[in-house]
Amino acid sequence: MQDQLNDQQLRRHEELRELREHGVNPYPYSFDKTYNSTQILSGFTDETKDDWANVAVAGRIMAIRRMGKASFCHIQDATGRIQTYLRTGDIPNYEDFKLYDIGDIIGVKGYVFRTKTGETSVHATELTLLCKSLTPIPIAKEVEDEHGNKTLYDAFADKELRYRQRYTDLAVNPQIRDTFVKRSKIITAMRRYFDDKGWLEVETPILQPLYGGAAARPFTTHHNTLDTTLYLRIADELYLKRLIVGGFEGVYEISKNFRNEGMDKTHNPEYTAMEIYVAYKDYHWMMEMVEDMIETIAVQVLATTELTVGEQQISLKKPFKRISMLDSIAEATGKQLRGLDETQLRAIAKELGVELGPNIGAGKIIDEIFSEKVQPNLVQPTYITDYPVEMSPLAKTHRSEAGLTERFELFINSQEMANAFSELNDPIEQRDRLETQAQLRDRGDDEAMGLDEDFLNALEIGMPPTAGLGVGIDRLVMLMTNQDSIRDVLFFPQMKPQV
């Protein structure tokens, strides 16, 4: 191992050895903190200094300034940074502090005071090494010229390295923690919204004998004891509907789903979704619920419904615009697609310059035209409604327009945020739809759904009229935190293996 260490790492290993020889345990079991940095910096005043005569703080050393018999260092905890002052004679192990480095984690006990320059600091009376860092962390250097212009050097800014070493990223770029704090608050606000309405949070299987509920390719695995193939779920839908059949009138799940597909700025093979199903409702009701939920979350988490996303100003204030898929295509292209067969749709796609695969059906052709000609322009929240039957095998047939279903997708900033149906609960029609999906699979569409006999049996038991919804949590967080890549809202995104 020693042969693989660089000079800085070798020096730190030598410091570790010396500290152990001095009787120091460089990795103790605990430290009793009493305050964090923000509590001290916001609470300390000259009038209240007696209340701050005995504090204990802990954090990672981010800067050291040694001055012989005294030193200053800045430590960083989960809330921010605070300066500590250490002086020989005040702490018995001051000499050991010479063996400490940037990146080490320390505990400091002492009293709060204000330095001659006015900086609130902790004067150490006890110093404890809590963790010796053996690999240096990258520390940015800020240089200010004579005109007051600041330049940052050596920042830990390489995107790929930040994703691969999120622990380092969080340590040296603490401002990115705000994105993940907001992510947690967004999920909490969504959960509270549902719970307040009396809907039940549930858990359904991740390993499934049949995958379904979406058009996607699954990850496949094998269970040795049962000697059977299992799939990582691509959606929660079919299991949550089984619970509606069983008598629950509102169930939801915030879950990890898995799709064996490509990766880009809005797709990760492992992602977080929320699905909810409410009995006796339809997709019109669901549109009203979704826009109210999103507005509520924005107000609770961001204290505003007006967002700046990239160069766009987006309002999350309800109501959201509604337009059917076919009308949106006609509006964008001047082409009316109602009533056209596959041959006619292919001709229009070619005329519009939309490339198509040879094995897709009429519904997928319409979807491809929509994706290229309409979706990029859907910046403000917009419900696209009434999708072709072929694209929506689990949605109810439209009550007034043949060939369509009662389905909507919500688009914001050109991205799909939510997908919802008036759920199909006719078991005979559902079987016909899934058999059509099987035929599409035979034609080469590897994202078409399979036939789930147990789900069909559940529908034959009887499911009430139901509205269902799926929301992409990662994309909602991207929107509300102004991030343009899903990797920036995932602690540990999937990465290509390093060679």
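Of the 499 residues of the protein, 47% count as buried. The model is a predicted one. It holds 13 helices and 20 strands, and its C-alpha atoms fill a box of roughly 90 × 55 × 45 Å along the principal axes. Among contacts with a separation of 6 or more, 63% join residues 24 or more positions apart.

**Nonpolar cores**

- The largest nonpolar core has 48 residues, and Phe194, Met274 and Leu469 have the most contacts inside it.
- Helix α7, residues 283-302, gives the most to this core, with 11 residues.
- A second, separate core has 24 residues, including Ile61, Ile91, Tyr94 and Ala124.
- Phe194, one of the residues with the most contacts inside the largest core, touches Trp199, Tyr252, Met274, Ile276, Met289 and Met293, leaving aside neighbours within four places in sequence.

- Strand β14 (residues 306-309) pairs with strand β15 (residues 312-315) in the antiparallel sense, over 4 bridges.
- Across this pair, Leu307 stands opposite Ile314 in β15.
- The hairpin of β14 and β15 has 2 residues between the strands, and Gly310 takes a positive phi near 60° there.

**Strand β17 and its partners**

- β17 pairs with strand β16 (residues 321-324) in the parallel sense over 4 bridges.
- In that pairing, Arg322 stands opposite Tyr383 in β17.
- β17 also pairs with β18, in the antiparallel sense and over 4 bridges.
- Phe411 in β18 is the bridge partner of Thr382.
- In a regular strand, side chains alternate between the two faces of the sheet.
- Thr382 and Ile384 point one way from β17, Tyr383 and Thr385 point the other way, and all are buried.

**Leu394**

- Leu394 lies in the loop between β17 (382-385) and β18 (407-412).
- With a relative accessible area of 2%, Leu394 counts as buried because that value is under 20%.
- Leaving out residues up to four places away in sequence, Leu394 touches Gly213, Glu237, Leu238, Lys241, Phe421, Glu423, Leu424, Gln430, Arg433, Met449 and Phe455.

**Cavity**

- Rolling a probe the size of a water molecule over the atoms shows where empty space is left.
- A search of the whole structure finds 1 cavity of 30 Å³ or more.
- The largest cavity has a volume of about 40 Å³.
- Its lining consists of Tyr211, Gly212, Gly213, Leu238, Leu394, Leu434, Met449, Gly450, Asp452 and Phe455.
- By class, this lining has 6 nonpolar, 3 polar and 1 charged residues.

Terms used. Residues numbered from 1 in each chain as written. Predicted model: local features only at pLDDT ≥ 70, side-chain atom pairs only at ≥ 80, totals over all residues. Heavy atoms only, no water. Buried < 20%, exposed > 50% of the residue type's maximum accessible area, 1.4 Å probe, protein only. Contact = heavy atoms within 4.5 Å. Core = buried A, V, L, I, M, F, W, Y, C linked by side-chain atoms within 4.5 Å. 1 Å grid on protein atoms, 1.4 Å probe; cavity = no way out; pocket = protein on both sides within 12 Å on 5 of 7 lines; lining within 4 Å. Points joined across faces, edges and corners; volume = space filled by probe spheres on them. Nonpolar A, V, L, I, M, F, W, Y, C, P; charged D, E, K, R; others polar. Pairing = 2+ DSSP bridges.
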